[in-house]
Amino acid sequence: MGVEGTLDYISDLLSNMKKKKKKQTQTVDLKIRMDCEGCARKVKKVLSGVKDVDLKQQKATVTGYVDPKKVLAAAQTTKKKVELWPYVPYTMVANPYVAQAYDKKAPPNHVRKVADPSKITETTVDDRYSIMFSDENPNACSVM
């Protein structure tokens with residue numbers, strides 16, 4: 001093994017080493033059912049790194065080097081109804097008035113996060129009724 005072989009071996013060894021990913025600062029928003037200041041204090045005590053607790057919107061914001069799943073699990077230890085913040089500004093959604101996106105309890109100018117409204121199929125008429133009156137159906141109603 002010459003000098004070239006040694007250099008190739010070392011470069012392969014270094015390229016195959018697992019590189020640790022640096023954690024990035026994240027902001028995790030939670031919707032937590034809080035009724036009073038005591039509930040807000042309890043949430044602040046359980047969640048370290050709480051930046052803001054808003055009783056009116058029932059929202060807690062945690063920032064730092066955190067994992068959203070771990071923050072959610074820690075918040076659930078308060079025995080309160082907890083979920084990740086489901087709302088986004090209505091300008092971020094293609095169709096904010098779809099039944100799955102519109103929510104009466106949402107803060108002003110916000111709607112629920114919907115994955116892709118084009119995939120949502122809302123039909124008010126059942127297919128069997130539309131087939132019953134179809135021109136292509138020989139057994140369709142002849143009244144129309």
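This tour goes through a predicted model, one selection at a time.

**First stop: helix H1.** Select residues 3–16, which form helix H1, and find isoleucine 10 within that helix. Is isoleucine 10 buried, partly exposed or exposed? Its relative accessible area is 40%, and the category of partly exposed lies between under 20% for buried and over 50% for exposed; isoleucine 10 is therefore partly exposed.

**Second stop: helix H2.** Select residues 37–46, the span of helix H2, and colour Cys39, Ala40 and Val43, which are its buried residues. Why do these residues line one face of the helix? When one looks down the axis of H2, the buried residues fall within an arc of 100°, and so they line one face. An α-helix has 3.6 residues a turn, so residues three or four places apart point the same way. Next, colour Glu37, Arg41, Lys44 and Lys45. These exposed residues sit on the face of H2 that is turned away from its buried side.

How many of the six residues of S3 are buried? Five of them are, and the strand is thus described as mostly covered.

S3 pairs with S1 in the antiparallel sense, over six bridges. S3 also runs antiparallel to S2, to which it is joined by four bridges. Select threonine 61 in S3 to see a residue that takes part in both pairings: threonine 61 is the bridge partner of aspartate 29, and it is also the bridge partner of aspartate 52.

Then follow the chain from S2 to S3. The two strands form a hairpin with four residues between them, and glutamine 58, in the turn, has a positive phi of about 55°.

**Last stop: alanine 115.** Select alanine 115, in the loop between strand S6 (110–112) and helix H4 (127–132). With a relative accessibility of 86%, alanine 115 counts as exposed, because the cut-off for that category is over 50%. Alanine 115 and valine 93 are 22 residues apart in sequence, and the C-alpha to C-alpha distance is 9.2 Å.

Technical notes
Residues are numbered from 1 along each chain as its sequence is written. This is a predicted model: local features need pLDDT of at least 70, side-chain atom pairs count only at pLDDT 80 or more; totals for chains, interfaces and linings use all residues. Side-chain values use heavy atoms; hydrogens and water are left out. Buried means under 20% relative accessible area, exposed over 50%, partly exposed in between (1.4 Å probe, protein chains only). The arc is that of the directions from the helix axis to the C-beta atoms. Two strands pair if DSSP finds at least two bridges between them.
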